[in-house]
Amino acid sequence: MCSVPRKTVRSNRREFLKSAGTAAVASLAACARAKDSARSSAGARPNIVLIISDDHGWPDYGFMGHPQVRTPNLDRLASQSVVFTHGYVPTPLCCPSLASIITGRYPHQHKMAFNDPPMPPKSAPKTETDAAFRAGRDRMNSYMDALPTLPRVLASAELGAGGRAGYLSLQTGKWWQGHFSHGGFTHGMTHGDPAKGGRHGDAGLDIGRKTMQPIFDFIATAKEQNRPFFVWYAPMMPHTPHTAPERLLAKYRDKNPSKYVTGYWAMVEWFDETCGQLLDYLDKQGLADNTIVSYVADNGWIQNPDGPLSIRSKLTPYDAGLRTPIMLRWLGRVEPRKSDVPVSSIDLMPTLLRMAEIEAPTGLPGVNLLDDRAVARRDAVLGTVFEHSGVDIADPAAGLQYRWCVSGGWKLIDPNPARLPNARPELYHVAEDPHEKNDLAERESTRVGQLRKRLDAWWSPTKLPASRRRSER
Ligand SMILES: [Ca+2]
């Protein structure tokens, strides 16, 4: 459907090979085949399926070594993928984390830093229909409208001679920015109408828990039209409510005395089953070889054994909320391997675009994960924690709780004194203390200062009181 000028393809291919890293790419012959395919039609460009689990702890997979949780489908995916065992999301909360994945930018850059706008007064009849709250939501949605999201770029990227990449894209599952079209998707499930109960996915939340059919129907449509496709599969799983089928719950009942823990574990396996259905569909349709499959969780989770919520994970600056395996599979093109170099979900957008040989928007902070040198050269993985609900929609810094930095095996958690005046910096040697049990900030004050300087070089919000910051250095 669109032609790719030879010169453009050559240029892109040269750039791709230059930065892809030899270890990750199977062979030059495979690349030549990709070049020929790209030249013949946009329909031969790789499809992309992005699987995003919701509130899923980083150790809670078979391939990450969990002794009880069963994830055979994700284990199979891992065996076929480049697996980054030390991936991070830039913030441990649904909306801002998802917005970072789809824009390739940090929350303070895309400004969708909270799940919700500032909440209406308690006297308001209903949150979602409160005029000020809706205005705040619209403002957040307008931030998404203004950015070159992954679906938008995949649809409209120019390939030369008037050609476009021409991807069709489907939104399913969690989605906070109103109608799916705010993200640049051509197809989707979420209507985003607050009057009909839209908050973070509405009709889209049926995916996984109730059906996979909308994905299968969409892929069939893309095939019929000979268009490459992008699928956003972000089911609200294993997120609460933990309502896995009895057949799965029964597997775990005798594995832990807490019904809350076993309920969460069963949810993880239920989520894994849906991933298997999706991967099996790609196999049966003959699409597996030309479909990149990527995986990430939007934030972590430690199930409270005494109640339905989490402990020391989601919405906290600890790795239990921030860390996730990140996977990239492209059968026959990218050699499976494991890496323990820290990376970020910020990297997914530039990586996926590079794999599809589409130029990334300027200003993205992430790196191409298949470029070993670029991954190794980066000195730190960085992020933030914001309030759950908006403080100032126009200024994310007003709701900043922490900045954090992982570098050289160490992690600094730096609280914002304007929001958390009694909190102190925490320092962990996460390479040897992955569950962050031993705070070494007092003993390693010089290192704290060095890492804080690194954070300041990245993002130093003006609302941090200068006097307090100077006194802590
Ligand atoms: Ca989440």
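1. Buried residues make up 50% of the 473 residues in the chain. A residue counts as buried if 20 or more other C-beta atoms lie within 10 Å of its own, as exposed if 12 or fewer do, and as partly exposed in between, with C-beta atoms placed from the backbone. This is a predicted model, in which local features need pLDDT of at least 70, side-chain atom pairs count only at pLDDT 80 or more, and totals for chains, interfaces and linings use all residues. Residues are numbered from 1 along each chain as its sequence is written.

2. The secondary structure of the chain comes to 15 helices and 15 strands. Helices (H or I, at least four residues) and strands (E, at least two) are DSSP runs, numbered from the N terminus. Two residues are in contact if their C-beta atoms, placed from the backbone, lie within 7 Å. Among contacts between residues at least 6 apart in sequence, 65% join residues at least 24 apart.

3. How are the strands of the sheet S12-S13-S14-S15 paired? The sheet is open, has 4 strands in that order, and its pairing is antiparallel. Strands S12 (381-386) and S15 (426-428) stand at the edges with a single partner strand each, so one side of each is left without a neighbour in the sheet. Neighbouring strands of this sheet are turned by 15 degrees against each other on average, direction ignored. Axes are lines fitted to C-alpha atoms, for helices over the stretch in contact, and angles run from 0 to 180 degrees between N-to-C directions.

4. Two strands pair if DSSP finds at least two bridges between them. S12 and S13 pair in the antiparallel sense over 6 bridges, and Gly383 has Trp404 in S13 as its bridge partner. Strand S13 (residues 400-407) also pairs with strand S14 (residues 410-415), in the antiparallel sense and over 6 bridges. Here Ser407 has Trp410 in S14 as its bridge partner.

5. Is S12 mostly covered or mostly open? S12 is mostly covered, with 6 of its 6 residues buried. In a regular strand the side chains alternate between the two faces of the sheet. In S12, Val381, Gly383 and Val385 point one way, Leu382, Thr384 and Phe386 point the other way, and all are buried. Helix H14 (residues 445-458) lies across S12, S13, S14 and S15, and runs at about 70 degrees to S14.

6. Helix H6 (residues 131-145) has 15 residues, which at 1.5 Å a residue should span 21 Å; its end C-alpha atoms are 21 Å apart, which agrees. The expected span is 1.5 Å times one less than the number of residues. The buried residues of H6 are Phe133, Gly136, Arg137, Met140 and Met144. Seen down the helix axis, these fall within an arc of 100 degrees, so they line one face of H6. The arc is that of the directions from the helix axis to the C-beta atoms. The face of H6 turned away from the buried side carries the exposed residues Ala131 and Ala135.

7. Which helix do the buried residues of H6 pack against? They pack against helix H4 (94-103). H4 is mostly covered, with 10 of its 10 residues buried; among them are Cys94, Cys95, Leu98 and Ile101. After H4 comes Gly104, whose phi is positive, near 70 degrees.

8. Helix H3 (residues 72-79) and helix H10 (residues 259-284) pack at an angle of about 55 degrees, with their axes 7 Å apart. That makes H3 oblique to H10. Angles under 35 degrees count as roughly parallel, over 145 as roughly antiparallel, 65 to 115 as roughly perpendicular, and the rest as oblique. H3 contributes Pro72, Asn73, Leu74 and Leu77 to the contact, and H10 contributes Asp272, Glu273, Cys275, Gly276 and Leu279.

9. Two single residues can be set side by side. Ser294 is in strand S8 (residues 291-297) and counts as buried because 24 C-beta neighbours lie inside 10 Å. Ser294 touches residues including Leu50, Met327 and Leu352, not counting residues up to four places away in sequence. The C-alpha atoms of Ser294 and Leu352 are separated by 8.6 Å, although the two are 58 residues apart along the chain. Leu331 is in the loop between strand S9 (323-329) and strand S10 (337-339). With 17 C-beta neighbours inside 10 Å, Leu331 counts as partly exposed. Leu331 touches Gln80, Ala288 and Asp289, again not counting residues up to four places away in sequence.
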